[in-house]
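Please read the following report alongside the sequence and the coordinates.

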Amino acid sequence: TYESKNISVVPLEAEETASQFRGRLDELLNKKVEALNNLVAVAEEAYLDYTFNKSLKSSDVAWYNAKKMLLNGSDPVLTCNERFQRSVNTTTSAIQVPTNVYDGGVRVLNAIQSSSAIDKQFIKNYESDKSITWQYFGSSTGFFRLYPGAIWRSYDANGNDLYDARKRP
């Protein structure tokens, strides 16, 4: 019997247990909502403060192409991270631009430049909540900013990158 094994049965109050669980879940979800709201506020402020530059060129904008990372000597170092179960860089984001969008276009470059302030909030969220993992920003111009910076892995069976943040979540 279980008594001979020094095991005891403790009755639980279902109402009390459910209430405690609800409280912990509320706390967890509230932290996520706060992180998201902070990210939205930073993105909106960055957009409002940004002045569109019609002569912006690719060489003027610093960003890491998630599809070409590690092919360029200036890309950030990726290190294995337990939280993400893969190699990432937690000091910056990386950007995926759909195949059908020109990544050197003035609209795309301005959107990438104006959204760069989001990285600081990504890092704050990451450091303040150990349960936060991937964070994303999708632009109406088509690019997709992912934090932490990592190599893009979403290809179809033929090796095509069909992801477009404007069309899919």
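The paragraphs below take up these topics in turn.

The model is a predicted one, in which local features need pLDDT of at least 70 and side-chain atom pairs count only at pLDDT 80 or more, whereas totals for chains, interfaces and linings use all residues. Residues are numbered from 1 along each chain as its sequence is written, and side-chain values use heavy atoms, with hydrogens and water left out.

**Helix packing**

Two packed helices are described by the angle between their axes and the distance between the axes. Helix α1 (residues 14-49) packs with helix α3 (residues 118-128) at an angle of about 165°, the axes being 9 Å apart. Here the axes are lines fitted to C-alpha atoms, for helices over the stretch in contact, and angles run from 0 to 180 degrees between N-to-C directions. Helices (H or I, at least four residues) and strands (E, at least two) are DSSP runs, numbered from the N terminus. The angle makes α1 roughly antiparallel to α3, a term that applies to angles over 145 degrees. The crossing of α1 past α3 is right-handed, that is, the near helix is turned clockwise from the far one by less than a right angle. On the α1 side the contact (heavy atoms within 4.5 Å) is made by K31, A35, N38, L39, V42 and A43, and on the α3 side by I118, Q121, F122, N125 and S128. By class, the residues of this contact divide into six nonpolar, four polar and one charged; Ala, Val, Leu, Ile, Met, Phe, Trp, Tyr, Cys and Pro count as nonpolar, Asp, Glu, Lys and Arg as charged, and the others, Gly among them, as polar.

**Buried residues and cores**

Buried means under 20% relative accessible area, exposed over 50%, and partly exposed in between, with a 1.4 Å probe and protein chains only. In α3 the buried residues are I118, D119, Q121, F122, I123, N125 and Y126, and they pack against α1, β1 (79-81), β4 (135-138) and β5. Helix α2 (residues 106-114) has V108, L109, N110, A111, I112 and S114 buried, under a cover that includes α1, β3 (94-96) and β5.

A nonpolar core is a set of buried Ala, Val, Leu, Ile, Met, Phe, Trp, Tyr and Cys residues joined through side-chain atoms within 4.5 Å. The largest such core has 18 residues, and L146 and W152 have the most contacts inside it. At least two residues of this core come from each of α1, α3 and β5 (144-147), and α3 gives the most, with four residues. Beyond its neighbours within four places in sequence, W152 is in contact with A66, K67, Q96, F144, L146, D161 and Y163. A second, separate core of eleven residues includes W63, V97, V101 and F143.

**Residues with some exposure**

| Residue | Relative accessibility | Class |
|---|---|---|
| S19 | 38% | partly exposed |
| V77 | 62% | exposed |
| Q85 | 63% | exposed |

S19 is placed in helix α1, and V77 in the loop between α1 and β1. Not counting residues up to four places away in sequence, V77 touches V88 and N89.

**Backbone**

Most residues other than glycine have a negative phi, and most peptide bonds are trans. Q85, in the loop between β1 and β2 (86-88), has a positive phi of about 55° although it is not a glycine. The peptide bond from Y147 to P148 is cis, with omega near 0°, and P148 lies in the segment after β5.

Note on methods. Angles under 35 degrees count as roughly parallel, over 145 as roughly antiparallel, 65 to 115 as roughly perpendicular and the rest as oblique.
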